[in-house]
Amino acid sequence: MKTGSRPVAAPARGISTPALLSITAVAALAAVAVSALLVNIYERKQEGKVTTTRLVEVTQDTTDPAKWGVNWPKQYDAYKLTAQTTRTRFGGHGGSEALPQEKIDRDPWLKRMFLGYAFSIDYRDRRGHAYMLQDQENTQRQTKPQTGSCLHCHGSVIPLYRELGGGDVIKGFEATYKIPYKELNRKLHDMGHAQTVSCPDCHDAKTMKLIVTRPAFLQGIERLANSDAATPFAPSIERWRAAGKAQPYDPNKEATRNEMRTFVCAQCHIEYYCSSAMKLTAPWGKGTNVDQIEVFWNETKMPDGGRFFDYKHAETGAPILKAQHPEFELWSQGVHARSGVACADCHMPYARDGATKVSDHWVRSPLLNINRACQACHKMSEKEIQARVDQIQQRNFDLMQRGGVAINAMMDAIVQAKKDGATEQELAAALELQRKAQWRLDFIAAENSMGFHAPQEAARVLGEAIDFARQAELAAVRRGAVPVVKTAQAAATTGGIVATAGTPAK
């Protein structure tokens, strides 16, 4: 190297052509992906805005759910699944036979408890909503005269009521108890409305807003609102009371949407009187728990002025109160009700379909849908949830079976006392206790959650059923020489009156 010469610079390194092409391709792909994501987000937002596309017109007289299904196919597809066989450990229809299993064959004490009433002829496990009308039409209870009131909860009957009442639904409803079931059912078929409970029974055809349509519920909930009973499960009633009761309580105007997600179910899943002596009645004038309803029935008179009862027991002659299916009433006493959990939250939980959120119209047990029905609130495994529910239901089932044993022993004692010549006066206390015992046992046996809707309340009611049955047994053996003990809650409701032997509570 010569002195004073400059160093030779190293050649500059650039990005190779293959690398440049790779970077360009990645950038292009990223741009495409971001664009696709933005387009997808936009499309989903637009999809979410369109909740329905009306292709056909439907009204409150459109009782065929298939016609509503043209406009709301997602809900209709789920609704049709109520025809599927479903079963949990303590309920439902799991067989392949045409009709579900007879409860009165599985638990013979039920059959004996209902002697004198048509339920001793035919009393089966429940099936899905798709069979509500069909199963009622086919039950062997139809071999005995039945009232048209029975259609209230088994068919889409509002157009029928409207016609019977000359446009007045309530007037039409109040006439149905005088009409034989088969005659009224034939008219329902002739009108083209022989559908199970359908879309217009719960939805306004114009807005799809939830509505209550069943007259017995509307009258019953107004009766409850006018009572002094606490209603933590229905804050709108408390607000209506505080506002001065200017107008009759109407859930379609006063209730919140969340309350309506219970009320539309409570139109039918309730305790009620249904016979040919008077109109179908929801007994909430004193409140919704078992004791308050008992007081309401005890204060009710039959049209002839006589004491209210559903039937007289064929063996003992006791005037019996028959519970129907008081899901709403038991739920109202539980922690879920107090926490604002509606029926639909568990039995029709929200489901995601694309960008839309819809209520699952496959109405079924939450145990068959734990992920969406339970885990939205209870952050634990499905196995743990299942185990907790199973424990609650097993304990209530065991108590119920003990109640059945006690009821049988009670009836044995009363029948034997009658054979031994006991007088009507001597058996008065035992028969009064039988009425109280059967009412409580039946209240839980007829309710379709095996105690889960309010576990502690259900256990309390079953405990009292066993206690009253044993008291009745003792009263029969001793010819009434024992006190008739009332529950503290019932005594408080009736002014603290406690009846003694020979003077049954009125």
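I'll start with helix α9, whose buried residues pack against α6, residues 132–138, and α7, residues 158–164. Keep in mind that this is a predicted model.

Which residues of α9 are buried? The helix runs over residues 181–190, and the buried ones are Tyr181, Leu184, Asn185 and Leu188. Looking down the axis of α9, these buried residues fall within an arc of 100 degrees, so they line one face of the helix. On the face of α9 turned away from the buried side, we find the exposed residues Lys182 and Asp190. After α9 comes Gly192, with a positive phi, near 85 degrees.

Next, Gln267. Where is Gln267? It sits in the loop between α13, residues 257–266, and α14, residues 290–299. Is Gln267 buried or exposed? Its relative accessibility is 2%, so it counts as buried. Its side chain reaches the backbone oxygen of Val264 at 3.1 Å. Leaving aside residues up to four places away in sequence, Gln267 touches His152, Cys153, Asp201, Cys202, Ile211, Val212, Thr213, Arg214 and Phe217.

Last, the surface. Leu55, Val56 and Val70 make a nonpolar patch of about 240 Å². Of these residues, Val70 belongs to helix α2, residues 65–71. Val70 has a relative accessible area of 39%, so it is classed as partly exposed.

To go back over the main points: α9 has its buried residues along one face, Gln267 is a buried loop residue, and Val70 is part of a nonpolar surface patch.

How values were computed:
Residues are numbered from 1 along each chain as its sequence is written. This is a predicted model: local features need pLDDT of at least 70, side-chain atom pairs count only at pLDDT 80 or more; totals for chains, interfaces and linings use all residues. Side-chain values use heavy atoms; hydrogens and water are left out. Patches are made of residues with over 30% relative accessible area and no salt bridge: like charges are joined within 9 Å, nonpolar side chains (Val, Leu, Ile, Met, Phe, Trp, Tyr) within 5 Å. Accessible areas come from the Shrake-Rupley method with a 1.4 Å probe; for residues, only the protein chains shown count as cover. A salt bridge is a side-chain nitrogen of Lys or Arg within 4 Å of a carboxyl oxygen of Asp or Glu. Helices (H or I, at least four residues) and strands (E, at least two) are DSSP runs, numbered from the N terminus. Buried means under 20% relative accessible area, exposed over 50%, partly exposed in between (1.4 Å probe, protein chains only). The arc is that of the directions from the helix axis to the C-beta atoms. Contact means heavy atoms within 4.5 Å. A polar contact is a pair of N or O atoms within 3.5 Å; within protein, one must be able to donate a hydrogen and the other to accept it, and residues adjacent in sequence count only if both atoms are side-chain atoms.
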